[in-house]
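Hi everyone, thanks for making time.

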Amino acid sequence: MIRIAGLKQQIEAEVHKRSDDGLLPEEQLAAVAARLRPSLAVMTSCLDDELLPALASHGIKILDFDRLEAETRVAMKQYFTSASSRC
């Protein structure tokens with residue numbers, strides 16, 4: 001993740017220097033994305049087809065933030081805001 005963030009920062013800063021492998025930051029980021037897409041597809045499929053249904057069968061639901069009740073959204077925002085300030 002740190003490497004990806006570094007590549008994004010280089011792209012934002014318009015760095016046009018090739019790395020030791022001869023690739024520009026944009027090319028490196030594209031190569032990483034191409035390698036990760038198949039893994040992401042497998043993980044998403046597993047989550048949707050197996051994990052979420054298995055959790056639901058035990059009464060555990062993972063909801064999109066927008067589907068939470070207003071009171072719960074406020075509590076979650078407060079929790080994550082305070083948690084991020086501790087890190």
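Let's begin on the outside: which residues form a nonpolar patch on the surface? They are F65, M76, Y79 and F80, and together they have about 400 Å² of accessible area. Before I go on, please keep in mind that this is a predicted model.

You'll find F80 in helix α3, which covers residues 70-86. F80 has a relative accessible area of 52%, and because the cut-off for exposed is over 50%, F80 counts as exposed.

Is Q28 buried or exposed? Q28 is buried: its relative accessible area is 9%, and buried means under 20%. And what does Q28 touch? Leaving aside residues up to four places away in sequence, Q28 touches R3, L7, S19, D21 and L23. With one of these, R3, there is also a polar contact, side chain to side chain, at 2.3 Å.

My last stop is about charge. Side chains of opposite charge can pair when their charged atoms come close. How many salt bridges does the count give here? The count comes to one. The partners are R18 and E27, and their closest N and O atoms are 3.1 Å apart. As for how open they are, R18 is partly exposed at 49% relative accessible area, and E27 is partly exposed too, at 34%.

That's my tour, and I'm happy to go back to any of these spots with you.

How values were computed:
Residues numbered from 1 in each chain as written. Predicted model: local features only at pLDDT ≥ 70, side-chain atom pairs only at ≥ 80, totals over all residues. Heavy atoms only, no water. Patch = residues over 30% accessible without salt bridge, like charges linked within 9 Å, V, L, I, M, F, W, Y side chains within 5 Å. Areas by Shrake-Rupley, 256 points an atom, 1.4 Å probe, with all protein chains shown as cover. Salt bridge = Lys/Arg side-chain N within 4 Å of Asp/Glu carboxyl O. Helix = DSSP H or I, 4+ residues; strand = E, 2+ residues; numbered from the N terminus. Buried < 20%, exposed > 50% of the residue type's maximum accessible area, 1.4 Å probe, protein only. Polar contact = N/O pair within 3.5 Å; in protein donor to acceptor, adjacent residues only side chain to side chain. Contact = heavy atoms within 4.5 Å.
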